[in-house]
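User: Hi! Could you walk me through this model?

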Amino acid sequence: MPAKKQLNGSADEVEIAFYDAISRGDLDGLMALWAEDEEIICVHPNSSRLIGHAEIRASWETIFENGSVHIHIRQLHAMHNMLTAVHSLIEEFHPKDQIAQDVHIIATNVYVKTPRGWRIATHHASVAAGPTPVDLSKGDVLH
């Protein structure tokens with residue numbers, strides 16, 4: 001996907017670009033997707049809350065020192081309105097070249113519409129032990 005599309009696309013396209021940048025270990029590409037606001041927030045699994053570009057960039061830089069990270073989205077629940085989008089995801093996570101473990105991540109990504117397009121305002125991820133829950137939202141309609 002061209003960089004221009006990633007930066008000016010929908011919240012869904014920014015999310016795709018976010019996980020793509022993580023899988024490639026592309027720190028500059030990842031940081032370009034965040035809102036310019038200094039109140040942006042990132043919480044990595046088993047970590048403290050990071051506020052602002054400097055703290056968030058430093059954390060991803062440390063993560064990428066060990067190589068890229070592969071995250072496979074297993075389930076997505078999205079809520080959108082004119083200026084914000086909230087995505088609740090269940091992620092399957094494993095470092096590059098490692099076999100997936102029976103651990104999944106529950107993440108919330110919040111996007112805001114800015115004059116420069118949709119941007120990430122918050123990424124919050126937590127470890128959830130055990131098998132990935134069954135996605136009940138794809139079940140049969142009851143009425």
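This is a predicted model: local features need pLDDT of at least 70, side-chain atom pairs count only at pLDDT 80 or more; totals for chains, interfaces and linings use all residues.

User: Great. How many helices and strands are there in the protein chain?
Analyst: The protein chain has 4 helices and 6 strands. Both are DSSP runs numbered from the N terminus: H or I over at least four residues for helices, E over at least two for strands.

User: And what pattern do they follow along the sequence?
Analyst: The order is α-α-α-β-β-α-β-β-β-β.

User: What share of the residues counts as buried?
Analyst: Of the 143 residues in the protein chain, 34% are buried. Buried means under 20% relative accessible area, exposed means over 50%, and partly exposed is in between (1.4 Å probe, protein chains only).

User: What about the accessible surface of the chain?
Analyst: That surface comes to about 8600 Å², and carbon and sulfur atoms contribute 56% of it. The areas come from the Shrake-Rupley method with a 1.4 Å probe; for residues, only the protein chains shown count as cover.

User: Switching topic: how many salt bridges does the structure hold?
Analyst: There are 5 salt bridges. The term stands for a side-chain nitrogen of Lys or Arg within 4 Å of a carboxyl oxygen of Asp or Glu.

User: Which residue forms one with Asp20?
Analyst: Arg24 does, and the closest N and O atoms are 2.8 Å apart. Asp20 and Arg24 sit 4 residues apart in helix α2 (residues 11-24), so about one helical turn separates them. Asp20 is partly exposed at 30% relative accessible area, and Arg24 is partly exposed at 46%.

User: Which residues make up the network there?
Analyst: Asp20, Arg24 and Asp26 are linked in a network of salt bridges.

User: Where does Arg57 find its partner?
Analyst: The side chain of Arg57 meets that of Asp28 in a salt bridge, at 2.6 Å from N to O. Asp28 belongs to helix α3 (residues 27-31) and Arg57 to helix α4 (residues 53-64), so this pair ties together parts that are 29 residues apart in sequence. Asp28 is exposed at 52% relative accessible area, while Arg57 is partly exposed at 32%.

User: And which side chain does Arg116 meet?
Analyst: Arg116 meets Glu36 in a salt bridge of 2.3 Å, N to O. This pair links distant parts of the chain, 80 residues apart: Arg116 is in the loop between β5 and β6 (117-129), and Glu36 is in the loop between α3 and β1 (41-43). Glu36 is exposed, with 55% relative accessible area, and Arg116 is partly exposed at 42%.

User: Now Ile106. Which residues is it in contact with, leaving aside neighbours within four places in sequence?
Analyst: Ile106 is in contact with Leu89, His124, Ala125, Ser126 and Ala128, where contact means heavy atoms within 4.5 Å. Ile106 lies in strand β5 (residues 103-114) and is partly exposed, at 40% relative accessible area. From Ile106 to His124, the C-alpha to C-alpha distance is 8.3 Å, and they are 18 residues apart in sequence.

User: Last one: what is phi of Asn46 near?
Analyst: It is near 55 degrees, a positive value in a residue other than glycine. Most residues other than glycine have a negative phi. Asn46 is in the loop between β1 and β2 (49-51) and is exposed, with a relative accessible area of 76%.

Notes. Residues are numbered from 1 along each chain as its sequence is written. Side-chain values use heavy atoms; hydrogens and water are left out.
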